[in-house]
Amino acid sequence: CSIKIRNPKFSYAGLCRKENMAENKGTPMSLKAGWASWRELHRTDPGEFWHSLLFVSFWLHIAFFPLGYGFREVMPCINFIFLLLYYRYRWHESVLRHLPVLPLFGCFFLMIVLGVVFSTNPMDSLMHACIGLNKAYILPFIAMECVHRTRDLKRLVAACVVALFWEGIDGVWQWFTGYDFIMGYPLHFGRLTSSLDDYWVGNYVALMLIPAFGFWYMCRRRFSFLRSVLLYCAVFWPAYFLFVGAAARAGMLALAGALFLWFLISRQGLSWAGILVPLLVAGVFYGLQIDPTRMDMQTVMVDGRWSLWQLAWAVFRAHPIMGAGIWQYNSAFRALGLAPERDEITITHPHDIFLDLLCSHGIVGTALGLIFLFGMVIWGMRILLPRLAAVRKGRYAEDGDAPGSSALYWQLTGLFFMGYVGWILNGVFGHDFYRNWWLSLAMIFLGTAIGAIIQGLRGEAGREERSGKRACPGTEK
């Protein structure tokens, strides 16, 4: 890969301060000077200008994701406009131009098309599929262009931390007052909902905590172990409070499972941290539940999900090849004269993404969906595993801004990737595949990881070309 050095004089990091102007002496810019700097950047380097706006808008999208439906509708559209303008000037440097996993995205979109064309109600399936166009489908392409260096990953981790902190504080407020302070939503059956108005906020918090765990690695670069623990607890206790109060069992399993896998691959095998941290998450979650009967094995055995899974299997057996179509689970089991045992008759999904794919897309569409889902996992792991092994052996510098040049870069990249893996784990017991807010998180995590991996590989190729040595230590033949 050929690496083109972008204009070092201007960047979105330098827009907040005139660090490159000696006469400014490090003092913050005035609004007038800031506007002049933006105009000068647009004139001299429009590609960097639009990338700056793309990154800032994407950062805001992550940091204030739980703010409301309108926010999640509008922000991806704004991101997409900036993305197109960035492509206009920097297409030759974009991740999408040389994306090796583009055929996997082709499988994903082909699955959606087939789920509409062969649906028992094509218009209804089309309307539901199109809802995700701006809220989910475009997000990986936006996210993958937002990572150019280590500082970008640090800022995106910071966005996750900001989102978890204020949403957690909102949950604490809701617990003590009965209503969240953003939208005024009450508790739902005694469980916290925060500004998302449903206890599935627990799944949101669980998934966001995975990339936000990068905050721990960032702290350890600057502070002792004890100070890092204290700082981590001070920042994340509201999020864990909300996580426990929402009582989302599927979210707990996803978080514990993702952390176990993370320590397994980052430490190259079983370790005390890989065992104790997931157990600690599960223990705190179960130990602090107000209604402990919800966690009893007896309660789990009579959970309504088992009936919903049976209905999904019956729908699949009735439509085995192409499925009943997107969002047709409810109408399909009703047409068979079936009904859930414990849930309301209006239930729209089977609480399992794989069964949801089977009854919506049949064997053909599900095969395409699984190729996309696990093809991404295989591709990412093939690249990340040797680099995380090199990190473990100390063959990278601890920190550095160049893409792919430091341990921190690959650790943060791996955690965003594990956010996507955690989403797959979460899908075993929760939601339907096309749940928009939930699919949005998966696409954000996946796109960020893809962008970081591609930029890291480009950085390694450039350093290898300049030095004549293999840039990724630990991958020598």
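Analyst: What follows takes the labels one by one.
This is a predicted model, where local features need pLDDT of at least 70, side-chain atom pairs count only at pLDDT 80 or more, and totals for chains, interfaces and linings use all residues. Residues are numbered from 1 along each chain as its sequence is written, and side-chain values use heavy atoms, with hydrogens and water left out.

User: How many helices and strands does the protein chain have, and what makes a run count as one?
Analyst: The protein chain has 18 helices and zero strands.

User: Why is Leu279 called exposed?
Analyst: Exposed means over 50% relative accessible area, buried under 20%, and partly exposed in between (1.4 Å probe, protein chains only). Leu279 has 54% relative accessibility, so Leu279 counts as exposed. Its place is in helix 12.

User: What makes up the nonpolar patch on the surface?
Analyst: Phe260, Leu270, Trp272, Ile275, Leu276 and Leu279 form it, with about 670 Å² of accessible area together. Patch residues have over 30% relative accessible area and no salt bridge; nonpolar side chains (Val, Leu, Ile, Met, Phe, Trp, Tyr) are joined within 5 Å, like charges within 9 Å. Areas come from the Shrake-Rupley method with a 1.4 Å probe; for residues, only the protein chains shown count as cover. Helix 12 (residues 272-287) gives the most to the patch, with four residues.

User: What is the largest nonpolar core, and what makes it a core?
Analyst: The largest nonpolar core has 126 residues. A core is a set of buried Ala, Val, Leu, Ile, Met, Phe, Trp, Tyr and Cys residues joined through side-chain atoms within 4.5 Å. Among those with the most contacts inside the largest core are Phe105, Tyr204 and Trp423. Tyr204 touches residues including Ile62, Phe65, Trp437 and Leu441, not counting residues up to four places away in sequence. Contact means heavy atoms within 4.5 Å.

User: Why does the pair Glu93 and Arg90 count as a salt bridge?
Analyst: Their closest N and O atoms are 3.9 Å apart. That is within 4 Å, so the pair counts. Glu93 is buried at 18% relative accessibility, and Arg90 is buried at 6%. Salt bridges that share partners join Asp45, Glu48, Arg90 and Glu93 into one network. The whole structure has 10 salt bridges.

User: What makes the link between Glu460 and Arg387 a polar contact?
Analyst: Their side chains make a polar contact at 3.0 Å. The term means a pair of N or O atoms within 3.5 Å; within protein, one must be able to donate a hydrogen and the other to accept it, and residues adjacent in sequence count only if both atoms are side-chain atoms. Glu460 lies in helix 18 (residues 436-467). At 5% relative accessibility, Glu460 counts as buried.

Key: Salt bridge = Lys/Arg side-chain N within 4 Å of Asp/Glu carboxyl O. Helix = DSSP H or I, 4+ residues; strand = E, 2+ residues; numbered from the N terminus.
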